[in-house]
Amino acid sequence: MKTRRFVLSKLILVLLLVGLFLLSGCATGPKFTKIDVIPEDKAVVYIYRPASPIGAAVSYQVIANGTHIMPMVNGGYFVYYAKLGENEFSAATETLSSVTLDVKPGQNYYIKSSVGVGMFVGRPRFTIVPADVGEKEIADCKCQGERNKK
Amino acid sequence: MSRQFLSWAISISFFFLCGCATNMKIDPQVTQIDNIDFRIKGKIVYEGNKEYLPRILAEEPASNAGLTFEYTYDVIYGKHDVPSAVALFNPLTIAGFPTGENTATIIGKLDVMKGGEVIKSYNATCILEKTQNLFSERTFTDLRRQGLLAVRNNIEVQIYLDKNYLEKLRAPE
C-alpha cells in the first residue's frame, strides 16, 4: 500500500513537472486584433507562432533587418511596422532561418514561425503565408507587443 | 573487407550529398552568355532592389525613342515539413534523412512599351527546391536571391538575342 502511494505521488510530481515545462514557454497576453490604421509609409507584418507541444520550451530572438526585435515564444505573435521595400526576418538557434518580404505600403503580411527538429536544440522555421491562412492561424495567438511603429 | 567498407562509405557520402544540392529549373531555357556588353536605353519602371533588375537595361528618362521598360517579379514560397514528432523519433533523421522541403517559385516579367502600348514581353520562371535535413538547410532568403538572379540573367539573355529588333524599335521613326 505504501509502495503504491509512493509511486502515485512520484507520478503526479513528474506530470506536474512536465506540465510546468510545457507551460513555461507559453505566451500570455491579449488575443489577436488586426491593426486598423497602418501608417502611409509602412506595412504591417504579423509574426506568429501557433502553440504546439513540440519545442514548446524553445524560444528565439526574431531579427528584422539585422536588429533584434523580440523573443518569439510558443503561442505568441507580435506586430512589426515594416519600411517599404525589402525586409529580412530571421531567427537562429543552432541554424538560421530567414525570409525576405517585398513590402508595399498599407499591406498586411503574415510570417508563421515554428520549431523544427535540431541536433541539440529545436530550430526556428519561418514561412511567409497568405493573408487568409495567416489570419486564421494567428487567431488563438497572444499579442506580445508592437515594434518599429515610429 | 576494405573494398566493401569503401563502397559503403561512398554510398553514404553520395546519400548525404544528394540532400545538399538545390534543385533548380528555369523556363525558358536559354544558353548562358557571359559578359553581355549590349545595353538598351529607355525609361525604367521598377520598384525593387536594383540588384535584381536586368543589367542590360540602361536608364534614359528622356529617351527619344520613347521606350519604357517595366520590370516586375513575384515570389511564391512553399514548404513541406515532415511532422516534427515523426522526425524526432525517426532514427534515420540523424543519418541525414529529410526533415522537409522548401520551395520558391520566382516569376519575372519585363514589358517593353512604346507610346503607352506593350510591344513585347519577356518572361522567365525559376523553381527552386531544397530538401532539408539535419546537416543541410538553406533559408528562404537564399532561395529567393538565387531565383531572382537566375531570372534576371535569363531575361538578359532573351533581350540580348532580340537586340536587333529592340535596336530597330529604338530608332526614331
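This is a predicted model: local features need pLDDT of at least 70, side-chain atom pairs count only at pLDDT 80 or more; totals for chains, interfaces and linings use all residues.
View 1. Residues are numbered from 1 along each chain as its sequence is written, while chains are lettered from A and ligands numbered from 1 in the order in which they are written. E1(B) and E6(B) (residues 117-132) pair in the antiparallel sense over 6 bridges. Strands (E, at least two residues) and helices (H or I, at least four) are DSSP runs numbered from the N terminus, and two strands pair if DSSP finds at least two bridges between them.

**View 2. The open six-stranded sheet of chain B.** The strand order is E1-E6-E5-E4-E2-E3, with mixed pairing. E1 (22-27) and E3 (57-59) of chain B stand at the edges; each has a single partner strand, so one side of each is left without a neighbour in the sheet. On average, neighbouring strands are turned by 35° against each other, direction ignored. Axes are lines fitted to C-alpha atoms, for helices over the stretch in contact, and angles run from 0 to 180 degrees between N-to-C directions.

View 3. Leaving aside neighbours within four places in sequence, B:Ile107 is in contact (C-beta atoms, placed from the backbone, within 7 Å) with B:Tyr73, B:Asp74 and B:Thr125.

**View 4. The open five-stranded sheet of chain A and helix H2.** The order is E8-E7-E1-E4-E9, and the pairing is mixed. The twist averages 25° from one strand to the next. E1 (residues 42-48) and E4 (residues 76-83) of chain A run antiparallel and are joined by 7 bridges, with A:Tyr46 opposite A:Val79 in E4(A). Helix H2 (residues 131-138) of chain A lies across E1, E4, E7 (108-116) and E8 of chain A, at about 60° to E7(A).

**View 5. The contact between chains A and B.** Chain A contributes 17 residues and chain B 18 residues. On the side of chain A that touches chain B, E6(A) gives the most, with 6 residues. The residues of this side divide into 7 nonpolar, 7 polar and 3 charged; Ala, Val, Leu, Ile, Met, Phe, Trp, Tyr, Cys and Pro count as nonpolar, Asp, Glu, Lys and Arg as charged, and the others, Gly among them, as polar.

Conventions
Two residues are in contact if their C-beta atoms, placed from the backbone, lie within 7 Å.
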